Amino acid sequence: MADGVSGNEDLAKYTVTGNVPVSDTVALRASALVNKRDGTVYNTTLDRDEGGVDSRVGGQSLRALNLMPHL
């Protein structure tokens with residue numbers, strides 16, 4: 001699954017998530033998020049936008065089901 005948003009001040013926000021079955025009882029899930037936006041104030045002394053956002057995160061998980069179903 002993928003989702004994205006764009007907007008003013010160069011807003012860009014994207015999310016990607018995927019599930020992959022490894023076997024009948026094991027699955028791998030991975031996801032990532034990118035969130036970027038230019039600052040709202042331009043600092044002429046430092047020659048850059050201030051107050052912006054630039055973050056990237058990701059994660060993964062491994063899930064196993066019914067490893068001991070007879071307990």
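Biologist: What makes Asp 54 and Arg 56 a salt bridge?

Modeller: The closest N and O atoms of Asp 54 and Arg 56 are 3.4 Å apart. A salt bridge is a side-chain nitrogen of Lys or Arg within 4 Å of a carboxyl oxygen of Asp or Glu, so the pair qualifies. This is a predicted model, in which local features need pLDDT of at least 70 and side-chain atom pairs count only at pLDDT 80 or more, while totals for chains, interfaces and linings use all residues. Residues are numbered from 1 along each chain as its sequence is written, and side-chain values use heavy atoms, with hydrogens and water left out.

Biologist: Why is Arg 56 called exposed?

Modeller: Its relative accessibility is 60%. Buried means under 20% relative accessible area, exposed over 50%, and partly exposed in between, with a 1.4 Å probe and protein chains only. Arg 56 therefore counts as exposed.

Biologist: How many salt bridges does the structure hold?

Modeller: Three. Among them, Glu 50 pairs with Arg 48, with closest N and O atoms 2.8 Å apart. Lys 36 pairs with Asp 38 at 3.4 Å.

Biologist: Why are Lys 36 and Asp 38 called partly exposed?

Modeller: Lys 36 has a relative accessible area of 32% and Asp 38 has 22%. Both values lie between the two limits, so the middle class applies. Glu 50, at 27%, is also partly exposed, as is Arg 48 at 45%.

Biologist: What makes strand 1 and strand 6 edge strands?

Modeller: The open sheet has four strands in the order 1-2-3-6, with antiparallel pairing. Strand 1 (2-7) and strand 6 (53-64) each have a single partner strand, so one side of each lacks a neighbour in the sheet. Strands here are DSSP runs of E, at least two residues, numbered from the N terminus.

Biologist: What makes Arg 29 and Asn 19 a polar contact?

Modeller: Their side chains are joined at 3.2 Å. A polar contact is a pair of N or O atoms within 3.5 Å; within protein, one must be able to donate a hydrogen and the other to accept it, and residues adjacent in sequence count only if both atoms are side-chain atoms. The distance is therefore inside the limit. Arg 29 lies in strand 3 (residues 26-37) and is partly exposed at 40% relative accessibility.

Terms used
Pairing = 2+ DSSP bridges.
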